[in-house]
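This report describes a protein chain, shown below.

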Amino acid sequence: MEILLFILAGAGVGLAVGITGVGGGSLMTPLLLLFGIPFNVAIGTDLLYAGLTKASGAVAHSRLGTVRWRLVLWLAAGSIPASILTTLGLKFVFGDASQYEHLLTTSLGIMLILTSAVLLFKSRIHNQPNTDKPPMRWVHKNAATITVISGVLLGTFVTLSSVGAGAFCAALLLILYPRLPAIQIVGTDIAHAVPLTLIAGAGHLIFLGNVDFLLLGSLLIGSIPAITVGTKIGARLPNQLLQPILATILMGLGVKFAFF
């Protein structure tokens with residue numbers, strides 16, 4: 001019965017991801033917590049789930065040539081070491097999972113709040129007029145450094161919360177590289193999210209034991225076909241209505257986990 005519940009949960013999140021385009025991490029982890037899954041297991045399992053479900057998208061974008069690999073490398077240069085160090089910090093600084101529960105739940109709440117803000121303002125960012133003015137001089141001059149630092153922040157918070165590798169990373173890329181075509185923002189974001197979430201998930205598995213493979217398999221069985229169905233449904237629904245509703249829900253969950 002429990003396995004069926006997890007399969008249905010995966011299907012529900014898969015549908016939501018397909019319909020709204022919102023990353024699974026911001027939906028899956030809160031749902032698992034509401035189902036009573038321990039916070040550390042929910043986050044660790046969701047990281048591997050995210051990496052596996054995003055892999056096909058990364059391959060597709062790579063074949064289409066819509067991945068800016070230089071940006072992926074800059075992001076990964078910050079995020080991958082930060083993820084590994086964060087996992088090692090959880091293992092060696094804290095005695096057991098109960099001692100870092102507050103750190104994970106607070107990080108989850110903060111990232112859900114930021115993700116909801118991104119959803120609310122995404123259309124405004126996308127609809128910025130495409131001018132020929134160059135980006136701020138200091139940003140352009142220090143683009144690599146700023147991108148690596150952004151990767152460090154992403155690696156840390158994604159490892160702690162399993163949220164942010166998708167919508168939040170895309171928002172950072174939009175801000176740092178306003179001239180980059182939207183399809184390349186998406187492709188670069190997904191190509192970076194796959195190694196980050198897989199390495200972060202592997203860290204939770206190897207060093208912390210925070211992955212439930214039965215739960216992971218059930219979620220994948222439910223979500224993979226549901227994402228395809230959700231994508232077809234989403235093409236016929238008004239995204240301008242759905243995303244604000246979802247953003248409001250994520251904001252409420254974020255406040256709950258961050259402050260209560």
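## Helix H7

The 19 residues of H7 should span 27 Å at 1.5 Å a residue, and the end C-alpha atoms of H7 are 26 Å apart, which agrees. The expected span of a helix is 1.5 Å times one less than its number of residues. Helices (H or I, at least four residues) and strands (E, at least two) are DSSP runs, numbered from the N terminus. H7 covers residues 143–161.

The buried residues of H7 are Ala 143, Ile 146, Thr 147, Ser 150, Gly 151, Leu 154, Gly 155, Val 158, Thr 159, Leu 160 and Ser 161. Buried means under 20% relative accessible area, exposed over 50%, and partly exposed in between (1.4 Å probe, protein chains only). An α-helix has 3.6 residues a turn, so residues three or four places apart point the same way. Ile 146 is buried, with a relative accessible area of 17%. In sequence Ile 146 and Leu 176 are 30 residues apart, while their C-alpha atoms are 8.4 Å apart in space.

## The residue after H7

Ser 162 follows H7 and lies in the loop between H7 and helix H8 (167–176). The phi of Ser 162 is near 70°, a positive value in a residue other than glycine. Ser 162 is buried, with a relative accessible area of 5%.

## Model and confidence

This is a predicted model, in which local features need pLDDT of at least 70 and side-chain atom pairs count only at pLDDT 80 or more, while totals for chains, interfaces and linings use all residues. Residues are numbered from 1 along each chain as its sequence is written, and side-chain values use heavy atoms, with hydrogens and water left out.

The mean pLDDT of the chain (the predictor's confidence in each residue, from 0 to 100) is 85, and 87% of the residues reach 70 or more. Where pLDDT is low, the predicted coordinates should not be read in detail.

## The chain as a whole

The secondary structure comes to 11 helices and 0 strands. Of the 260 residues of the chain, 48% count as buried. The accessible surface is about 12800 Å², of which 70% belongs to carbon and sulfur atoms. Accessible areas come from the Shrake-Rupley method with a 1.4 Å probe; for residues, only the protein chains shown count as cover.

Contact means heavy atoms within 4.5 Å. Of the contacts with a separation of 6 or more, 83% are accounted for by residues 24 or more positions apart. Lys 54, in helix H3 (residues 39–64), touches Gly 166, Ile 190, Ala 193 and Val 194, not counting residues up to four places away in sequence. Lys 54 and His 192 are 138 residues apart in sequence and 9.9 Å apart in space, C-alpha to C-alpha.

H9 has 27 residues and reaches 37 Å from its first C-alpha to its last, close to the 39 Å expected at 1.5 Å a residue. Gly 209 follows H9 and has a positive phi, near 65°.

Leu 205, Ile 206, Phe 207 and Phe 213 make a nonpolar surface patch of about 390 Å². Patches are made of residues with over 30% relative accessible area and no salt bridge: like charges are joined within 9 Å, nonpolar side chains (Val, Leu, Ile, Met, Phe, Trp, Tyr) within 5 Å. A salt bridge is a side-chain nitrogen of Lys or Arg within 4 Å of a carboxyl oxygen of Asp or Glu. Helix H9 (residues 182–208) gives the most to the patch, with 3 residues. Ile 206 lies in H9 and is exposed, with a relative accessible area of 63%.
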